[in-house]
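Subject: Structure handover

Hello,

Here is the structure for you to look over. My notes follow below it.

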Amino acid sequence: MVDRQADRPAERQTGTTRQPDEPAGRRADLRSRRQRGGGTKSMTKAQPRIGIVDIGSNSIRLVVFNADERAPVALFNEKILCGLGRGLEETGRLNEEGVDLALASLGRFAGLARAMEVQQLDLLATAAVRDASNGPDFVTQVEERCGRPVRVLDGQEEARLSAQGVVSAIPDADGLTGDLGGGSLELTQLDGGTQGQLVTLPLGPLRLMRGEEGDRAQAAATVARHLEAQPWIADAEGRSFYPVGGAWRALARIHVEQHDYPLHMIQGYRMSRKEAEELAGLVARMGKRSLARLPGVPRRRLETLPYAGLLLEQLLRRAKPAEVVFSANGLREGWVYERQSEALRGQDPLLAAARAWASREGRFGDLGEPIANWTSAIFPNEPRDQRRLRETACHLSDIAWREHPDYRAEQALYRVLRAPQLYVRHNERVYLSYALSMRYGGLSQNAETTKLIALLDAPMKARAEALGQALRLAYAVSAGTAAMLERSQLEFLEGQLTLYLPDQAEVPSGQVLERRLTALGNALGATRTRVVG
């Protein structure tokens, strides 16, 4: 490494001063530590980690996950926009400036992965590298720089992995996935989570761009020609389309800002086909200056976003899905998902994430199952999706105990509302958050929480309030222990809500249990409540 500071005249050096006899020794010590692999290692045993370097046509990204979690959260996620595929259609080669920036970034990423003690680091290259004439030379340089092999994915594999990423979060995904990168578009049929036909098309925005503003009429004709050759796309009619990729996520952010939507979470964000088609068509016809005035548009997307809009508009016209459901998961998550054990992949990602969270943060471990059993009597004959949400809330019901009592309800609401590992619809996310805020006594309504709760219809809001009161009562009965839950029981018959306690458990009139039972009864519409002990 070049010591630039040492090359400067002494009078121009700034910052921390050093004694004259220190630099050589310090630099020698740093070199020694680098050769040994870094500084002091953690004394605690870390979970096994997997790192993925995604070498795309527009960006290069390093993401590090814990390898043994069904719904892994990124421990580290950094992206560099290199534009490797810029100009590929004209030259047939990777962009030279992009190559230089990519090599420097990849060397840094490899060093970061070693510092994070990543046990498995996989380098995946996609459309630009596999299609460029100098792609093999670039791969050789990357392997020399990183000391790791590069896997150049073919188009079919890229499409399959991207669809697997969607399925990892939405196991019953049904319709069509589309992963838009800088150099290609991958489309995959999904039938209740099972993959059907798939294709990769050379339709990335960097390939479609021509000149400063680009010839969008020519780009539209190119898109139409490729899509018309895939008649099976129309099988998605009336189902769902799952967009993947940064450019399409940017369209979702524009829609969020335009509608003052209260939840800035792209995973699971939904639009009707009509809404998505209108937005995509609008963006496809805008110039850079007009786009820059829209709220939520990243400056780095100003050039490529119109082409992303053009692609989405034409695709929706042919596929005719009922709705568009945005996915934050794609190729990288699909790569991890495929390497998980069959038993791990078979778990419900929502419940698995909630159990893992509860095991880490619950006072007495995960009480989710005992509380779910205890509350089942007051939620009879509930549909499977409602039971799933109730069980999730039971697992998460003790996550805010460390907070100051005055802020527990607020912290519970916002932690669940913003947790990336919880794969649910947005109204379901609000349902869980609202129920858990009620578990901690509820919070005063303000403009923000009012807009959030408005995402719930009246029956869903009432269920969340009843569930929150049931959780609040469960902790008053049990003090957070499974033993007391097993020795008590709730019963809701003919409008009467009864709490049965062990014989030796006396409850003075007007105390906590009685008050909380009354609150639960009110939420359920009970005509009478009583404690039997």
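What is the volume of the largest cavity? About 480 Å³. A cavity here is a set of points, on a 1 Å grid over the protein atoms alone, where a 1.4 Å probe fits but cannot get out; lining residues have an atom within 4 Å of a point. Points are joined across faces, edges and corners, and volume is the space filled by probe spheres set on them.

The largest cavity is lined by 33 residues, and Ser59, Leu180, Gly181, Gly245 and Gly246 are the closest to its centre. Elements giving two or more residues to this lining include β2 (59-66), β6 (175-180) and α10 (246-258). Helices (H or I, at least four residues) and strands (E, at least two) are DSSP runs, numbered from the N terminus.

Background: this is a predicted model, where local features need pLDDT of at least 70 and side-chain atom pairs pLDDT 80 or more, while totals for chains, interfaces and linings use all residues. Residues are numbered from 1 along each chain as its sequence is written, and side-chain values use heavy atoms, without hydrogens and water.

Now the sheet. Six strands form an open, mixed sheet in the order β8-β7-β6-β9-β11-β10. Strands pair if DSSP finds at least two bridges between them. β8 (194-201) and β10 (270-272) each have a single partner strand, so one side of each lacks a neighbour in the sheet. β10 runs antiparallel to β11 (residues 323-325), joined by three bridges. Met271 sits opposite Val324 in β11.

Best wishes

Notes. On a 1 Å grid over the protein atoms alone, a cavity is a set of points where a 1.4 Å probe fits but cannot get out, and a pocket is an open set with protein on both sides within 12 Å along at least five of seven lines; lining residues have an atom within 4 Å of a point.
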